[in-house]
Each structure stands twice: as C-alpha cells, then as structure tokens.
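Work through the exercises below with the sequence and the model side by side. Try each task before reading its solution.

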Amino acid sequence: MKKLLFMTAIAVFGLTNLSAQEENLSKTTKGTWFFGADAGITFAANKTTAEFDGQDVGVDSKVSTVSITPSANYFVMDNLAIGLDLLFSSTKTEEEFDGLDVEFKGTTFAAIPNATYFFGEGSFRPYLGAGVGYLSTGSDDDITKFSGLVIKGQGGVAYFINTSVALNLGVEYLNANLKNKEESDFENKSNTLGVGLGFSFFL
C-alpha cells in the first residue's frame, strides 16, 4: 500500500511539473502577446564623438537615467516575437568639454520596432533582441536637441514568476547617429551600454 501511494505521489508530481513546463512554454508560442513595462535607474558611461563642420570633438560623459520602457510584442512563430519599444527617460549628464565641466538635464524619447527571441523551456529563459528606430533627446534649448536613427541590441534572462509574469534582467546597447535641431552640421554619434530590470506580461 505504501509503495502504491509513493508511486502515485511521484506520478502526480511528475504530471504537475510537466504541466507547468507546458504552460510556461505556451506563453512563447505563435499567436501569443507579451507586454513589457521596464522601469528603473540606469548608470552608463559614454564615449561620444561630436562632429562640427567636419571636425571631431571628443566628449567624456557620465550619465544617470530614470526611465520607463513600455513595449508590445506578438509571437509570429514559437519563441520569436516582433514588436515596438517606446522609451521615455529623464537624464542627468556631467560632461567635460573643451576644459569645462558642464552639467545638464534632458529628456529622451524613442520608438524602436524590434524582434526578440527566447531560448529554452523552463522558468529561466535567456533572450536576445535587436531593433532599429527613431530617437530624440535634449533639453529646452534647440541647441541641445538632437534626433535621428538608433540601433538597439539587448540580451538577458527572463524568470517566469508564474505563467503570465516574467521578471527580466538584461543588458542593453544603443548606437545612435543624431543631428542637432538648430545646426544640422552638428552631429552626435553615441554608444551606450546599460543594465536594466523590469517585468513582462504574457497573454
């Protein structure tokens, strides 16, 4: 009798575990939506090359950012989703430019169509993503406003708290080629690497 109960318990545990894995897997199958709502504080170090009238000017920057990145994505095939990332952020920048220390605050907006691929079938899912879109940044003065093309790459791990919610820890890389609103000959080419934490919701 004890042996029968023991075998029954093992079978129930196995079926429950398999069912949980199947439910998790179903959230990254074709036809599923997932929505992200990443928010947090990011610290990044930039090396920016500014070009004015054909001459390069080196700018060293220290940047702290508070941001929110809502996104909507649709799985066009198992584990592969395409979607749109929006970025809203407030940034404090400290720069050394031509021997002067400058500090200013600004805002950033970006809209980036992208693709994301999830690996594995368990509660921990590594992922990779990439996208190309539009970014604008600056403060109140037109001389500080830049806009143009941005390329995004990201990777990390999604931990499924349950079948509908995942906690994401990832690294994000942005490459931007932006022109100044007031003076078109003034360009910024920027590379940014940051770490973020957020949530995704699967429906």
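The protein chain has one helix and eight strands (DSSP runs, H or I of at least four residues for helices, E of at least two for strands, numbered from the N terminus). This is a predicted model, in which local features need pLDDT of at least 70, side-chain atom pairs count only at pLDDT 80 or more, and totals for chains, interfaces and linings use all residues. Residues are numbered from 1 along each chain as its sequence is written, and side-chain values use heavy atoms, with hydrogens and water left out.

**Exercise 1. The overall layout**

Solution. 
- Step 1. Buried means under 20% relative accessible area, exposed means over 50%, and partly exposed lies in between (1.4 Å probe, protein chains only).
- Step 2. A contact means heavy atoms within 4.5 Å.

**Exercise 2. Salt bridges**

Task: How many salt bridges does a search of the whole structure find, and which residues are linked in a network of them?

Solution. 
- Step 1. Side chains of opposite charge can pair when their charged atoms come close. The criterion here is a side-chain nitrogen of Lys or Arg within 4 Å of a carboxyl oxygen of Asp or Glu.
- Step 2. The search finds four salt bridges.
- Step 3. Lys152 and Asp85 form one of them, with N to O at 2.4 Å. This pair links distant parts of the chain: Lys152 is in strand S6 (residues 146–160) and Asp85 in strand S3 (residues 80–97), 67 residues apart.
- Step 4. Check burial. Lys152 has a relative accessible area of 6%, so it is buried. Asp85 is buried too, at 7%.
- Step 5. Lys152 also bridges to Glu172, with the closest N and O atoms 3.4 Å apart. Glu172 lies in strand S7 and Lys152 in strand S6, so the pair ties together parts 20 residues apart in sequence. Glu172 is partly exposed, at 29%.
- Step 6. The network therefore consists of Asp85, Lys152 and Glu172.
- Step 7. Another bridge joins Asp142 and Lys181, whose closest N and O atoms are 3.9 Å apart. Asp142 sits in the loop between strand S5 (124–138) and S6, and Lys181 in the loop between strand S7 (165–180) and strand S8 (186–202), so parts 39 residues apart in sequence are tied together. Asp142 is partly exposed at 32%. Lys181 is exposed at 57%.

**Exercise 3. Aromatic rings**

Task: Why does the pair Phe75 and Phe202 count as stacked, and which residues do ring pairs link into a cluster?

Solution. 
- Step 1. Rings of Phe, Tyr and Trp (its six-membered ring) pair if their centres lie within 6.5 Å; planes under 30 degrees apart count as stacked, over 60 as edge-to-face and the rest as tilted.
- Step 2. The structure holds 14 aromatic pairs. For Phe75 and Phe202, the ring centres are 6.5 Å apart and the planes lie at 25°, so the pair is stacked.
- Step 3. Phe75 is in strand S2 (residues 55–77) and Phe202 in strand S8, so this pair ties together parts 127 residues apart in sequence. Both residues are buried.
- Step 4. Ring pairs join Phe34, Phe75, Phe118, Tyr127, Phe160 and Phe202 into a cluster.
- Step 5. The charged end of Arg125 sits over the ring of Phe160, 4.8 Å from the ring centre (NZ of Lys or CZ of Arg within 6 Å of the centre and within 35 degrees of the ring normal).

**Exercise 4. The surroundings of Thr116**

Task: Is Thr116 buried or exposed, and what is it in contact with?

Solution. 
- Step 1. Thr116 is found in strand S4 (residues 100–118). Its relative accessible area is 4%, so Thr116 is buried.
- Step 2. Leaving aside neighbours within four places in sequence, Thr116 contacts Asn79, Leu80, Ala81, Tyr127, Leu128, Gly129 and Gln154.
- Step 3. Look at Asn79. This residue lies in the loop between S2 and S3 and is buried at 12%.
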